[in-house]
Amino acid sequence: MLDDLDARLLTELQKNAMLTAQELGERLNLSASQAGRRRQRLEAEGFILGYTARLDPARVGLSVQAFVQIQMATHAPDGARSFATLIATRPEIISAWTLTGEADYLLRVWCSDLQGLNRLIHEVLLPHPSVSRVQSQIVMDQFKHDTALPT
């Protein structure tokens, strides 16, 4: 179970994962060693899955963000595993979900340009034997960026 201090610690780390134990302690009114132990416990218990850096897509050459919906022709286990393996190997697909409703999968992708998105759809996704339909929506503007989970 998370107590109030754990929840506050998680909130602070989602704002800035590079906080030292000393800085966490100051923000939580704990000693550095107490804050460090709490952080280690939350990591060990799986509340904290890892740490990453958020990059500016434009600065690293990515200008097209899109959401791609996939409808499968078949839901055979081998085809689903094969499709999941394909998705896992493509760096431009940054997240993927299985869905209820008309689409079976929703992919979030970043490409350098429209030609890159076109190649991903026509040379990678559509040729997969289990895929029957691909529909993409290109993001015009993202006015709320990925943010912290509520704690």
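This is a predicted model: local features need pLDDT of at least 70, side-chain atom pairs count only at pLDDT 80 or more; totals for chains, interfaces and linings use all residues.
Let me start with where helix α2 meets helix α3. On the α2 side, the residues are Ala-21, Gln-22, Leu-24 and Gly-25, and on the α3 side they meet Ala-32, Ala-35, Gly-36 and Arg-39. By type, the residues of this contact divide into four nonpolar, three polar and one charged.

On geometry, α2 covers residues 21-28 and α3 covers residues 32-44, and their axes come within 7 Å of each other. The crossing angle is roughly 100 degrees. An angle from 65 to 115 degrees counts as roughly perpendicular, so α2 is roughly perpendicular to α3.

Now the other partner of α2, which is helix α1, residues 4-15. The axes of α1 and α2 come within 10 Å and cross at roughly 125 degrees. That angle makes α1 oblique to α2. The crossing of α1 and α2 is right-handed. From α1, the contact uses Leu-5, Arg-8, Leu-9, Glu-12 and Leu-13; from α2, it uses Leu-24, Arg-27 and Leu-28. The residues here divide into five nonpolar, no polar and three charged. Leu-24 of α2 is in this contact, and Leu-24 is also among the α2 residues that meet α3.

Next, aromatic pairs. How many are there? The count comes to one aromatic pair. The partners are Phe-83 and Tyr-105, with 4.8 Å centre to centre and 50 degrees between the planes, and the pair is tilted. Phe-83 sits in helix α4, residues 77-89, while Tyr-105 sits in strand β3, residues 105-111. The two are 22 residues apart, and the pair links distant parts of the chain.

Phe-83 has 0% relative accessibility, so Phe-83 counts as buried. Tyr-105 has 16%, so Tyr-105 counts as buried too.

Last item, Thr-151. Where is Thr-151? Thr-151 lies in the segment after β4, which is 131-138. Exposed means over 50%; Thr-151 has 52% relative accessibility and therefore counts as exposed. What does Thr-151 touch? Leaving out residues up to four places away in sequence, Thr-151 touches Ala-7, Leu-10, Thr-11 and Gln-14. As for Arg-133, Thr-151 is 18 residues from Arg-133 along the chain, and their C-alpha atoms are separated by 38 Å.

Notes
Residues are numbered from 1 along each chain as its sequence is written. Side-chain values use heavy atoms; hydrogens and water are left out. Axes are lines fitted to C-alpha atoms, for helices over the stretch in contact, and angles run from 0 to 180 degrees between N-to-C directions. Helices (H or I, at least four residues) and strands (E, at least two) are DSSP runs, numbered from the N terminus. Angles under 35 degrees count as roughly parallel, over 145 as roughly antiparallel, 65 to 115 as roughly perpendicular and the rest as oblique. Contact means heavy atoms within 4.5 Å. Ala, Val, Leu, Ile, Met, Phe, Trp, Tyr, Cys and Pro count as nonpolar, Asp, Glu, Lys and Arg as charged, and the others, Gly among them, as polar. Rings of Phe, Tyr and Trp (its six-membered ring) pair if their centres lie within 6.5 Å; planes under 30 degrees apart count as stacked, over 60 as edge-to-face and the rest as tilted. Buried means under 20% relative accessible area, exposed over 50%, partly exposed in between (1.4 Å probe, protein chains only). A crossing is left-handed if the near helix is turned anticlockwise from the far one by less than a right angle, and right-handed if clockwise.
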